[in-house]
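Open the model in your viewer and keep the selection panel at hand.

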Amino acid sequence: MLALIQRVTHARVSVDGEVVGAIGAGLLALVGVEPDDGRQQVDRMARRLLGYRVFADDAGRMNLGLSDAGGQLLLVSQFTLAADTRSGMRPGFSTAAPPGQAEPIFNDLVAICRQLHPPGVEMGRFGAHMVVDLANDGPVTFLLRA
């Protein structure tokens, strides 16, 4: 499981012009599910998303995780993140889990994050063509692996 996280001042995801998820300050996480992912990866990714220290403490150092900072989380499924781009000029998607396998895993991640993070967890719509609007704060962007 992969997550490209971005610290944001705000972010939202729309489907067919309708906003389906929106947050204020916090993290936007684009999530790619790989074929061998399961409960262990979901649990580890949830802990990393909520605890990865990308927010400033009183001294201005990145020492606070999302839970410490009280920010919100926007989870967006993105199978292209798991693409094989090592060769050629076209991505291969055999390294991404098929939709029937990926959707329940992604939904498990959302459920665990919602359980562990009361300040708020929003999500996009799995499998839909989504438009993501965000303001990257910093910019701060990291690729996490579970």
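## Salt bridges

The model is a predicted one. Its salt bridges number five.

Select Asp-137 and Arg-7. Their side chains form a salt bridge, 3.3 Å from N to O. Asp-137 belongs to strand E8 and Arg-7 to strand E1, so this bridge ties together parts 130 residues apart in sequence. Now colour by accessibility. Arg-7 is buried, at 13% relative accessible area. Asp-137 is partly exposed, at 31%.

Next, select Asp-43 and Arg-39. This salt bridge has an N to O distance of 2.9 Å. Both residues sit in helix H1, four residues apart, or about one turn of the helix. Arg-39 is exposed, with 51% relative accessible area. Asp-43 is partly exposed, with 27%.

Then go to Arg-86 and Asp-84. Their side chains meet in a salt bridge at 2.9 Å, N to O. Is Arg-86 buried or exposed? Arg-86 is exposed, at 73% relative accessible area.

## Nonpolar cores

Select Leu-49, Leu-73, Leu-75 and Leu-109. In the largest nonpolar core, which has 29 residues, these four touch the most other members. Now show the elements around them. E1 (2-15), E3 (26-32), H1, E6, H3, E7 (121-123) and E8 each supply at least two residues of this core. Which element gives the most? Helix H3 does, with seven residues.

Another core lies apart from this one; its 10 residues include Ala-11, Val-13, Val-15 and Leu-74.

Return to Leu-73 and show its contacts. Leaving aside residues up to four places away in sequence, Leu-73 touches Ile-23, Leu-27, Ala-29, Leu-50, Leu-66, Cys-113, Gly-120, Val-121 and Glu-122.

## Aromatic pairs

The model holds three aromatic pairs. Select Tyr-52 and Phe-142: they pair edge-to-face, with 5.7 Å centre to centre and 65° between the planes. Tyr-52 is in the loop between helix H1 (39-51) and strand E4 (55-56), while Phe-142 is in strand E8 (residues 131-145), so the pair links distant parts of the chain, 90 residues apart. Tyr-52 is partly exposed, at 28% relative accessible area. Phe-142 is also partly exposed, at 29%.

Finish with Phe-79 and Phe-93. This pair is tilted: 5.0 Å centre to centre, 55° between the planes. Both residues lie in the loop between strand E6 (72-77) and helix H3 (99-116), so the pair ties together parts 14 residues apart in sequence. Phe-93 is partly exposed, at 35% relative accessibility.

Terms used: Residues numbered from 1 in each chain as written. Predicted model: local features only at pLDDT ≥ 70, side-chain atom pairs only at ≥ 80, totals over all residues. Heavy atoms only, no water. Phe/Tyr/Trp six-rings, centres within 6.5 Å; stacked < 30°, edge-to-face > 60°. Buried < 20%, exposed > 50% of the residue type's maximum accessible area, 1.4 Å probe, protein only. Core = buried A, V, L, I, M, F, W, Y, C linked by side-chain atoms within 4.5 Å. Contact = heavy atoms within 4.5 Å. Salt bridge = Lys/Arg side-chain N within 4 Å of Asp/Glu carboxyl O.
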